[in-house]
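Open the model in your viewer and keep the selection panel at hand. The tour goes from one selection to the next.

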Amino acid sequence: MVDIGYLWKPETPVLAGSQHVKLSTDKILHLGAEDLRLIDEEWTAQKLRDPRIYNGSLATLLNTEGSAFTYAPTDFKTYLGVQNDRGRLSAPLRERLHAGVIAAVVRFSDGPVLVHRRSAKVSHCAGVLDSSAAGFAIVENNALDFERTLESALSRELGLRDGEIRSVKQTGAHITEHPECTGTFDYAIDAAVPSTVLDKRVDWGYFSECVLIEPAKLPEFIIKHYCDDGDLISEGCAAL
């Protein structure tokens, strides 16, 4: 079970984009020669398992001082190296990396909320239960865009189209510690389509299972799968 730290939790959900987010130019992850070697070693192993992965730009949470959430540059290669590390990397890397992520909880028009099981073939956090959809925050032109990341994840993973979302609210922000290593914004989505669309729309490259749960039964589900069985990822637990 990975530690969860709530950074912000409004009493009721708020409009998406209500929190000020900025991307600093400061680099807070200082990699020594041995760290770089180990990260390269892990990247080579991951590429052999899945040649499709590529080293995109990411951001890691720097601080939440003042009225802004400030992130600093990193990349997927570094994240994957740290996330899969079992004690060989320097301690500050494991402690400071909290990659910018979105986690979405989607309720469909016929009532249930979606929880998915991640594919056993993905590069990180494979085979565990998670929220409805998730993704690394898009970093482009020296800016960080959580809302565009959310739109992309809902379209890519669930096949939700323009006009099929009734409302998007932010429910909080949290961090998870190693090995999940995230600094996440959480969202609640009301979809205008029934859950029956999922079979034909979800990307089974990301998912291995879709679990539909009535909202009233979510607490029981979380206790069973997070506290008892341990197959619900902390990232998903925090969002749910």
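Is Phe76 buried or exposed? This is a predicted model. Select Phe76: at 10% relative accessibility it counts as buried, because the cut-off for buried is under 20%.

Now extend the selection to helix H2, residues 76–83. Seven of its eight residues are buried, so H2 is largely enclosed by the rest of the structure. The buried ones are Phe76, Thr78, Tyr79, Leu80, Gly81, Val82 and Gln83. Show what covers them: helices H1 (33–49) and H3 (91–96) are included, as are strands E4 (57–63), E5 (68–75), E6 (99–107) and E9 (133–136).

Phe76 and Tyr79 sit three residues apart, about one turn of the helix. Tyr79 is buried too, with a relative accessible area of 2%.

Next, select helix H6, residues 218–228. Leu218, Phe221, Ile222, His225 and Tyr226 are buried. They cover an arc of only 95 degrees around the axis, which puts them on the same side of H6. Turn to the face away from that side: exposed Pro219, Glu220 and Asp228 are there. Cover over the buried residues includes strand E14 (207–213) and helix H7 (234–239). Finish at Gly230, which follows H6 and has a positive phi, near 75 degrees.

Notes: Residues are numbered from 1 along each chain as its sequence is written. This is a predicted model: local features need pLDDT of at least 70, side-chain atom pairs count only at pLDDT 80 or more; totals for chains, interfaces and linings use all residues. Side-chain values use heavy atoms; hydrogens and water are left out. Buried means under 20% relative accessible area, exposed over 50%, partly exposed in between (1.4 Å probe, protein chains only). Helices (H or I, at least four residues) and strands (E, at least two) are DSSP runs, numbered from the N terminus. Contact means heavy atoms within 4.5 Å. The arc is that of the directions from the helix axis to the C-beta atoms.
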